[in-house]
Amino acid sequence: MQSNLQATIIVSTYNKSEWLKLVLLSFDIQTTRDFEIIIADDGSDEKTKAVIDQFSEHSDLKVIHVWQEDDGFQKTKILNKAILASNADYLIFTDGDCIARNDFVETHLKLRRLQHALSGGYFKLTDEVSNKMNAQVISAQKCFEKDWLIAEGQPKTFKMNKLTKSDAKAKFLNFVTPTKATFDGMNVSCWKSDILAVNGFDQRMKYGGEDREVGERMMYNGVAFLQIRYSAICVHLHHERPYKNEDILKQNKQIRQHTKQQKSTYTQFGIKKDETIS
């Protein structure tokens, strides 16, 4: 373990090994290296392990692969295992389809505050531009440049302001944005002690608001969420969501409604004390 460990980056993934390779590269070129990476793997095949092993051979970053057998969408369960496996006091959550700008970790660390969580966002790439992502583009940081994106076919919209490099502009846009600061798993950070205090993610929840719910319990437990969507930058690779299910969404909504009605600060369906880590 690195002696100067400031953060654990928790990256959730499932059978997207080629994308994970690009995501790991984006963390290997960060402006700070005071962090470890945990891959929260919800049952991927051997291709994902091969990518992690290859990356570890060429990077001095510590990478921990936390894996569980494929049993459908069990992201909340693997994230809880990743939390238990983390070695830093501060956790940054993201997904295996989000490429981080090279100041992503530095920004989260710079803006962290006690009893607060940081709520970032992402810039969504089209399918066409997503397919043009490669090591050269990421190393040169082209995918965070408005002119390059437009030239490659990305529509020009106001959301491109999410890619600003100006601290002053980002601070202003964070302040005026009507978007509520929430726990969105592709770009959010918090103190490990704060998420442990609410017992982590509710493992009954499948896809759809499962990350928001843990954030709501944290808020009821006294954690304030700060909006940093224009400061901590990542781009999201396009993909379909075949695991989206209306019945599950309805069940998740009921769990969240109960959390809000009861102002719940803890779940009995979260981290299991006897949880095993692969």
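This is a predicted model: local features need pLDDT of at least 70, side-chain atom pairs count only at pLDDT 80 or more; totals for chains, interfaces and linings use all residues.

Colleague: What is the volume of the second largest pocket, and which residues lie nearest its centre?

Modeller: A pocket is an open set of points, while a cavity is one where the probe cannot get out. Here the second largest pocket comes to about 410 Å³. Its lining has 21 residues, with Leu111, Lys171, Asn174, Ile228 and Ser231 nearest the centre. Two or more lining residues come from each of helix H4 (104-111), helix H8 (167-176) and strand E9 (224-227).

Colleague: Which element gives the most to that lining?

Modeller: That's H8, with five residues. Sorted by class, the pocket lining holds eight charged, seven nonpolar and six polar residues.

Colleague: Now the cavities. How many are there of 30 Å³ or more?

Modeller: Two. The largest cavity has a volume of about 50 Å³. Residues lining the largest cavity include Ser12, Lys75, Phe93, Gly185 and Asp211. Helix H3 (75-85), strand E4 (90-95) and helix H10 (210-220) each give two or more residues to this lining, and E4 gives the most, with three. By class, the count is four charged, three nonpolar and three polar.

Colleague: And what lines the second largest cavity?

Modeller: That cavity holds about 40 Å³ of space. Around it sit Gly121, Tyr122, Phe123, Lys162, Arg229, Ala232, Ile233 and Cys234. Five of these lining residues are nonpolar, two are charged and one is polar.

Methods. Residues are numbered from 1 along each chain as its sequence is written. Side-chain values use heavy atoms; hydrogens and water are left out. On a 1 Å grid over the protein atoms alone, a cavity is a set of points where a 1.4 Å probe fits but cannot get out, and a pocket is an open set with protein on both sides within 12 Å along at least five of seven lines; lining residues have an atom within 4 Å of a point. Grid points are joined across faces, edges and corners, and a volume is the space filled by probe spheres set on the points. Helices (H or I, at least four residues) and strands (E, at least two) are DSSP runs, numbered from the N terminus. Ala, Val, Leu, Ile, Met, Phe, Trp, Tyr, Cys and Pro count as nonpolar, Asp, Glu, Lys and Arg as charged, and the others, Gly among them, as polar.
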